[in-house]
Amino acid sequence: MQRSVFVLMAALLLGSFTRPAAAAPLAGDTVRLSLSDAEQRFVQNNLNLLAQRYNVSAAEAQILQARLWDNPTVSIEQNAYNQFTHKVLDVTKTGNSIVQVQQLFAIAGRRKAAASVAQQNALVEQFTFQDLLRTLRYQLRSTFYDLYFKQQSVGVYDKEVASFQRTVSLYQGQYDKGNIALKEVIRLKAFLFQLRNERQALLNDIASQQADLRTLMRDTTGAYYLPQADQNRLKALSLTNRTEAQLIDSAQVNRADLKARQAAVQQQTQNLRLQRALATPDLAVGYVYDRAGNYIQNYNALTLGVAVPLFNRNQGNIRTAQNQIEVSKAQLGQQQLQVQNDVQEAWRLARQNDQLYQGTDRETSDFDRLMKGIDESYAKRNLTVVEFLDFYESYKNNLVQLNNLRANRVRAFEQLNYAVGRPVFNAE
């Protein structure tokens, strides 16, 4: 009688594992999301990118400002009281009025040099925007794939929790009938509790990354995203036909942060040219009309004025600009070294993770069949509860660690893309 009860339980248990897992119904706020859709929303809506776009526009506006001419100066002098005619503000020919107009002309190419500095500053802001885009896109893609694989692991826990919930219920019934010992039921319940705790810890991580994903895409709906990825294209990611040296060369050409440093060097060079132009004084050209205050009536005169560069020849600013060029060149060299190290480290990590992935047996069907045999053996009492749970623990760990390995490998490829500055390895 007892044997028939365990056979019945085994049939129920196996049935729960051999049936394909039913697709979980999607809640109203659950959204399936492809990587291309996520990137499109991110580029259109991300607030950090929007803010940096305004910085680029502001820098471009400064080019226009630098090219503008100085405004002319107009001054009028009128005698307040004429003691001969006893008139106040006498603007007739018996009073005196003086009109002066003056225009400042920048010589030595000051306006052109200022415009060149503004242009280089706009380039720096543009490359800063591209670098911000590179950094945030890496965060988006890494978060996307992390979520994808963690949700795959949650699926493993969901299957085991649901199955064990039924197992515990069945064995609780058998214990109530006096067919099995209490310690066996308690051990099964403890394992179920452990599974639920591990699943909840994973859900906590997922919740944090869901918030990050919504922030990156500026999503205020509170949607729960289910990232969708092509497993075959993820498997096909490979370092074959690429070399570390090629990727370093590509990074030296493509990295926006490096371009920003190069533009900064040019900006400081143009600034030195501007400071030297500022050492040359501007020419002030003017016109004066004096009705009755000069040696003749209706006096007209042309004026020319220039500051004599006797003491201030802008020496301090020129020396500062020269030093700023050396500073920016040193920062450029530092950035070039950083780019090389970034690619080397990312290449090493990608190679290690890919080798581990390629050398790992990723086929789980044999393990699934083994677990079916374990279920049968346990139902026939050929295994103790400790051995039964050890097998299940190994089964769960194998699937979860395989998902972790897949996630680490894809993240390593994304880090390599980030280090190179463009998506060399793309599974989309």
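Predicted model: local features only at pLDDT ≥ 70, side-chain atom pairs only at ≥ 80, totals over all residues.

Colleague: How much space lies in the largest cavity, and which residues line it?

Modeller: The largest cavity holds about 50 Å³ of space. Its lining consists of F149, Q231, L234, K235, Y357, R406, R409 and V410. Both α6 (231-235) and α11 supply at least two residues of that lining. By class, the lining of the largest cavity has four nonpolar residues, one polar residue and three charged residues.

Colleague: Let us turn to open space. How much of it lies in the second largest pocket?

Modeller: The second largest pocket contains about 280 Å³ of space. It is lined by 16 residues, of which R134, R137, G421, R422 and P423 are the closest to its centre.

Colleague: Which helix supplies the largest share of the lining of that pocket?

Modeller: The largest share comes from α4, with six residues. At least two lining residues are supplied by each of α4 (110-176), α8 (256-279) and α11 (385-420). As to residue classes, the lining of the second largest pocket comprises seven charged, five nonpolar and four polar residues.

Colleague: How should I read the crossing of α5 and α11?

Modeller: One reads the approach of the axes, their angle and the handedness. The axes of α5 (residues 182-217) and α11 come within 10 Å and cross at roughly 15°. An angle under 35 degrees counts as roughly parallel, so α5 is roughly parallel to α11. The crossing of α5 past α11 is right-handed.

Colleague: At what angle do the axes of α7 and α9 cross, and why is α7 described as oblique to α9?

Modeller: The axes of α7 (residues 244-254) and α9 (residues 315-358) come within 9 Å and cross at roughly 140°. Roughly antiparallel requires an angle over 145 degrees; therefore α7 is oblique to α9. The crossing of α7 past α9 is right-handed.

Colleague: Which residues does the UniProt annotation "coiled-coil region" cover?

Modeller: According to the unreviewed UniProt entry, the annotation covers residues 192-219. Over residues 192-219 the chain is 93% helix and 0% strand. The end C-alpha atoms of this stretch are 36 Å apart.

Methods. Residues numbered from 1 in each chain as written. Heavy atoms only, no water. 1 Å grid on protein atoms, 1.4 Å probe; cavity = no way out; pocket = protein on both sides within 12 Å on 5 of 7 lines; lining within 4 Å. Points joined across faces, edges and corners; volume = space filled by probe spheres on them. Helix = DSSP H or I, 4+ residues; strand = E, 2+ residues; numbered from the N terminus. Nonpolar A, V, L, I, M, F, W, Y, C, P; charged D, E, K, R; others polar. UniProt positions renumbered as here; feature names shortened; annotations may be inferred. Axes fitted to C-alpha atoms, helices over the stretch in contact; angles between N-to-C directions. Parallel < 35°, antiparallel > 145°, perpendicular 65-115°, else oblique. Left-handed = near helix turned anticlockwise from the far one by under 90°.
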